[in-house]
Amino acid sequence: MASSRQEVEAGTKVYEAAIRKTSDTHFMCRQMKHAWTRKPGANVRVTLPAMRGDLPTITTLYVCMRGCGVVRKDRLTVKQISPGNYRVIDKSPPSYEYPDGYQIPGIPRGVRPSIILQQEYVRRANEEIANAMAGERERSE
Ligand SMILES: [Zn+2]
């Protein structure tokens with residue numbers, strides 16, 4: 001369903017405020033996407049069919065290398081061709097588990113997070129430049 005202009009404006013303000021409070025790690029992942037690596041240890045899990053006729057699945061867990069806490073789960077449906085030899089039949093879209101504070105609920109359709117993220121990137125960069133300049137002035141005094 002389409003959102004009204006007022007809903008989009010209100011949602012944009014909510015998103016901007018939430019992004020502004022986001023930690024640098026979470027902000028970096030929202031802006032540049034996660035940097036996935038296989039979760040050490042139990043990274044691959046084979047689930048055998050519960051019912052006759054169902055196919056086994058292979059689940060792979062990934063964690064973000066930046067330490068944002070998001071976990072990605074990829075699931076493949078496979079068919080046994082011969083003992084120990086599986087062929088991929090289907091790949092489900094990945095699912096994600098988010099740590100507290102990562103998700104921003106209630107953002108209506110029509111809000112453009114990528115523009116807001118770029119604006120926040122520029123705001124943080126300006127702040128860094130201002131801090132660096134202030135540091136330079138302190139050193140030269
Ligand atoms: Zn991440």
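This is a predicted model: local features need pLDDT of at least 70, side-chain atom pairs count only at pLDDT 80 or more; totals for chains, interfaces and linings use all residues.
Lys73 stands opposite Ser95 in strand β6, and Lys73 of β4 is also the bridge partner of Leu61.

**Strand β4 and its partners**

- Strand β3, which covers residues 57-64, pairs with β4 in the antiparallel sense over seven bridges, and the two strands form a hairpin with six residues between them.
- In the turn of that β3–β4 hairpin, Gly67 has a positive phi of about 80°.
- Strand β5, residues 85-91, runs antiparallel to β4 and is joined to it by six bridges, with Ser82 standing opposite Asn85 of β5.
- β4 and β5 likewise form a hairpin, here with two residues between the strands, and Gly84 in its turn has a positive phi of about 75°.
- Strand β6, residues 95-97, is joined to β4 by three bridges, and these two strands also run antiparallel.

**Leu76 within β4**

- Leu76 is placed in strand β4, which spans residues 71-82, and its contacts beyond the neighbours within four places in sequence are Thr57, Ile58, Val88 and Lys91.
- Leu76 counts as partly exposed because 18 other C-beta atoms lie within 10 Å, whereas a buried residue would need 20 or more.
- The C-alpha atoms of Leu76 and Arg124 are separated by 40 Å, the two residues being 48 apart along the chain.

**Helix α1**

- Helix α1 comprises 17 residues, 5-21, and reaches 25 Å from its first C-alpha to its last, which is close to the 24 Å expected at 1.5 Å a residue.
- The buried residues of α1 are Gly11, Tyr15 and Ile19, and, seen down the helix axis, they fall within an arc of 70°, so they line one face of the helix.
- An α-helix has 3.6 residues a turn, so residues three or four places apart point the same way.
- Helices α2 and α3 (113-140) are among the elements that cover the buried residues of α1, while Gln6, Lys13, Ala17 and Lys21, on the other side of α1, are exposed.

**Lys33 in the α2–β1 loop**

- Lys33 lies in the loop between helix α2, residues 24-32, and strand β1, residues 36-38, and Lys33 counts as exposed because it has 9 C-beta neighbours inside 10 Å, the limit for an exposed residue being 12 or fewer.
- The phi of Lys33 is near 70°, a positive value in a residue other than glycine.
- Most residues other than glycine have a negative phi.

Definitions and conventions. Residues are numbered from 1 along each chain as its sequence is written. Helices (H or I, at least four residues) and strands (E, at least two) are DSSP runs, numbered from the N terminus. Two residues are in contact if their C-beta atoms, placed from the backbone, lie within 7 Å. The expected span of a helix is 1.5 Å times one less than its number of residues. The arc is that of the directions from the helix axis to the C-beta atoms. Two strands pair if DSSP finds at least two bridges between them.
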